[in-house]
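Dear colleague,

Please find below the sequence and the structure that I am handing over to you. My findings follow directly after them.

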Amino acid sequence: MGISGFKPCFLVGIEAVRQAHGSRLATLVGRRLTGCGVVRFAEDGDWFADCPVVLDFDGVQVEVCHSTLDELSIGWNTIDTAAAITGWEWFELTPQWSHCDERLEPFVGRELREIALLEWRPAERDLAAGTVAVEFAFAEGRLRIVNGLDENSIEIGAAQPDYFRHGLGR
């Protein structure tokens, strides 16, 4: 993807993600969200949802990226959002880091109260069954980075009832 420092390690399933990242995600509770980063196209400002969503909690950076129908990569302090994104010369649009996002901005400066992994368990099995989302809960609301079927999606507010919550902290 040409993103400086991004070396995804995609995992599948709640147990794999919880085992690899659960305890470290739990350490974010009590920290303030101090910044964020998403990739947008320079030409039109549209979000490039295939790229990781970067959240900075008082200097601890968590990098969340979904791929295919069920893969999730969580990285820690590896992506340099100040560096240019390279290797896209063949592409007609120019991806670049943006440090503001209208969905994430209301949470910047807020303390993380709890964190959870959410597992999609619909009543009637579908293609997304078993996918894992990361939910960040603040006093002012909740945000989730979920699998948007082969890309990231950001959801705000209460989670859909088909998610099973695996709490990690507080």
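Leaving aside its neighbours within four places in sequence, serine 98 is in contact with Cys36, Gly37, Val38 and Arg40, where contact means heavy atoms within 4.5 Å. The model is a predicted one, in which local features need pLDDT of at least 70 and side-chain atom pairs count only at pLDDT 80 or more, while totals for chains, interfaces and linings use all residues. Residues are numbered from 1 along each chain as its sequence is written, and side-chain values use heavy atoms, with hydrogens and water left out.

Serine 98 lies in strand S6. Helices (H or I, at least four residues) and strands (E, at least two) are DSSP runs, numbered from the N terminus. Serine 98 counts as buried because its relative accessibility is 13%; buried means under 20% relative accessible area, exposed over 50%, and partly exposed in between (1.4 Å probe, protein chains only).

**The six-stranded sheet**

Where does S6 stand in the open sheet of six strands? The order is S1-S5-S4-S3-S2-S6, and the pairing is antiparallel. Strand S1 (11-12) and S6 are the edge strands, and each pairs on one side only. Two strands pair if DSSP finds at least two bridges between them.

Strand S2 (residues 33-41) pairs with strand S6 (residues 95-98) in the antiparallel sense over four bridges. Tryptophan 97 in S6 is the bridge partner of valine 39. S2 also pairs with strand S3 (residues 53-57), again in the antiparallel sense and over four bridges. In that pairing, glycine 35 stands opposite aspartate 56 in S3. Eight of the nine residues of S2 are buried, so this strand is largely enclosed by the rest of the structure.

Leaving aside its neighbours within four places in sequence, aspartate 56 is in contact with Arg32, Leu33, Thr34, Gly35 and Gln61. Aspartate 56 and valine 108 are 52 residues apart in sequence, and their C-alpha atoms are 9.2 Å apart in space.

**A loop and a hairpin**

Is alanine 84 buried or exposed? Alanine 84 counts as exposed because its relative accessibility is 59%. This residue is in the loop between S5 and S6. Alanine 84 and proline 95 are eleven residues apart in sequence and 8.7 Å apart in space, C-alpha to C-alpha.

Strand S10 (residues 152-156) pairs with S9 in the antiparallel sense over five bridges, and asparagine 147 stands opposite asparagine 152 in S10. The hairpin of S9 and S10 has four residues between the strands, and in this hairpin leucine 149 takes a positive phi near 60°.

**The bent helix**

Helix H1 (residues 14-26) has 13 residues, but its end C-alpha atoms are only 15 Å apart, short of the 18 Å that a straight helix would reach at 1.5 Å a residue. The expected span of a helix is 1.5 Å times one less than its number of residues. H1 bends by about 50° at alanine 20; the bend at a residue is the angle between axes fitted to the seven residues ending there and the seven starting there. The buried residues of H1 are Ile14, Val17, His21, Gly22 and Leu25.

**The nonpolar cores**

In soluble globular proteins, nonpolar side chains tend to be buried together. A nonpolar core is a set of buried Ala, Val, Leu, Ile, Met, Phe, Trp, Tyr and Cys residues joined through side-chain atoms within 4.5 Å. The largest one has 33 residues, of which Leu25, Leu28, Leu55, Phe57, Val62, Ile115 and Phe136 touch the most other members. Among the elements that each supply at least two residues of this core are H1, S2, S3 and strand S7 (112-120). S8 gives the most to this core, with four residues.

A second, separate core of twelve residues includes Val39, Phe41, Ile85 and Trp88.

**The cysteines**

How many disulfides does a search of the whole structure find? The search finds zero disulfides, a disulfide being a pair of cysteine sulfur atoms within 2.5 Å. For cysteine 9, the nearest cysteine sulfur is that of cysteine 65, 12 Å away. For cysteine 65, the nearest is that of cysteine 51, 7.0 Å away. Cysteine 65 is buried, with a relative accessible area of 2%.

With kind regards
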